[in-house]
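Hi everyone, thanks for making time today. Please have the picture and the sequence open while I talk, and stop me whenever a term is new to you.

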Amino acid sequence: MPRLRTVAAVAGLALLTRRALRRRIAHAPLWPLPALPVPTSGRPRARALTLTLGRREEIADGVVQLSLYGAGLPPWEPGAHLELTLPSGLVRQYSLCGDPADTTAYTLATRLVEDGRGGSREVHEELREGMQLQVRGPRNRFALKSSHAYVFVAGGIGITPILPMLRAAEASGADWRILYCGRSKASMPFLDEVEKIAGPERLTVVEGVPDLPALFAEVPQAAAVYCCGPEPLMDAVASVLPAGCTLHLERFTAAAAVEGDEAFEVELRRSGRTVTVAADESVLSAVRKELPNTAYSCEQGFCGTCQQRVIGGEIDHRDELLVDDEREDSMLICVSRSKSGKLVLDL
């Protein structure tokens, strides 16, 4: 930054009161002073790791697998995901599908979404072996709970968080089975590996729409059901779930828009402002009208970039990222809303 600009800014700030000083700094996105930083979330984000893309390969029609290498990587458990920052700056979440015991590499897989928002296309077209990429995590909101019996349902790329669960269920000695469906076998990643783990007695492979009532007619009592895939598949599983079974879902998109949503107010405490969030508007959109440099990326409740600390009000959480203790006093403002009519953010 130009030195003269910094000197002039500091000289001007010295004339302000303490209260005005804080307000001015909160509105100075290009040069916040180190002594009075303006946080972008209620908690510090996990430290970013720089890893090397050591291997990139197409493992099914429209699906690429990435192997990211580093030393002493943080541990993870089945169901965890990783936050990947792409060269363009886009941030996307991908389930870990490798071996949790391997502390030298993280394995991800993603399908190309032709009409998506650009993240999957960048992965498929721009990433090359040898690139340095930043990741954060792992985080887990789809953890495998202890159970005597499991039923796994995966649709297409939804197999990625399920695959490590199969290995864990097999190692535990539990009774388990899996339904794996997709448009065609050629489009279903890791099918060969799933067949080896499950064997014909525990695996049902369906090209097209599965017969869910037939599957659940033989489900063990009080089984834990884990499902990941397209929204219609998860809705169908929920509709035929036997009594006594517990359902665990991993969604591709956040449940942000709900019919009947109402407008509410959000107070930006440190900025001394209050904004109105319309019924069809996100908190992020309303806040950025007043604070245009508020950080965000995915706008779908997955990446955590827009996480903010909440100091008042009841939160209607609609993200797929935050763990329970984080939900007590923070929210992702791109998708979550208010239950109490008014929220107070530490912004």
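Let's begin with the helix α4, where the buried residues are I159, T160, P161, I162, L163, P164, M165, L166 and A169. Before I go on, please keep in mind that this is a predicted model. The helix α4 has 14 residues, and from its first C-alpha to its last it reaches 20 Å, close to the 20 Å expected at 1.5 Å a residue. Just after α4 comes G173, with a positive phi of about 85 degrees.

Now, where do those buried side chains go? The largest nonpolar core has 29 residues, and the members that touch the most other members are F152, I162, L166, W176 and I178. At least two residues of this core come from each of β7 (149-155), α4 (159-172), β8 (175-182), α5 (191-198) and β10 (224-228). The largest share is from α4, which gives six residues. Take I162 as an example: leaving out residues up to four places away in sequence, I162 touches F142, F152, A154, I178, Y226 and C228. There is also another core, lying apart from that one, with 23 residues, among them V310, I315, M331 and L345.

Next, the sheet. In which order do its six strands lie? The order is β4-β3-β6-β1-β2-β5, in an open sheet with antiparallel pairing. At the edges we find β4 (91-95) and β5 (105-111), each pairing on one side only. On average, neighbouring strands of this sheet are turned by 40 degrees against each other, direction ignored. If pairing is a new word for you: strands of a sheet pair through backbone hydrogen bonds, either parallel or antiparallel.

Let's zoom in on one pair. Strand β1 (residues 49-60) and strand β6 (residues 132-139) run antiparallel and are joined by four bridges. For T52, the bridge partner in β6 is Q132. Strand β6 also holds P138, and a cis peptide bond joins G137 and P138, with omega about 0 degrees. There is a helix to look at here too: α3 (residues 119-126) lies across β1, β2 (63-69), β4 and β5, and runs at about 115 degrees to β5.

Two loop residues deserve a look as well. F190 sits in the loop between β8 and α5, and its phi is near 65 degrees, a positive value in a residue other than glycine. Is F190 buried or exposed? F190 counts as buried because its relative accessibility is 13%, and the cut-off for buried is under 20%. The other residue is A222, in the loop between α6 (212-216) and β10. A222 has a positive phi too, near 60 degrees, and is likewise a residue other than glycine. At 37% relative accessibility, though, A222 counts as partly exposed.

Finally, let's step back to the whole chain. How many helices and strands does the chain have? Its secondary structure comes to nine helices and 18 strands. Of the 347 residues, 47% count as buried. The chain exposes about 16,900 Å², and carbon and sulfur atoms supply 51% of that area. Among the contacts with a separation of 6 or more, 64% are between residues 24 or more positions apart.

Terms used: Residues numbered from 1 in each chain as written. Predicted model: local features only at pLDDT ≥ 70, side-chain atom pairs only at ≥ 80, totals over all residues. Heavy atoms only, no water. Pairing = 2+ DSSP bridges. Axes fitted to C-alpha atoms, helices over the stretch in contact; angles between N-to-C directions. Contact = heavy atoms within 4.5 Å. Buried < 20%, exposed > 50% of the residue type's maximum accessible area, 1.4 Å probe, protein only. Areas by Shrake-Rupley, 256 points an atom, 1.4 Å probe, with all protein chains shown as cover. Core = buried A, V, L, I, M, F, W, Y, C linked by side-chain atoms within 4.5 Å. Expected span 1.5 Å × (residues − 1).
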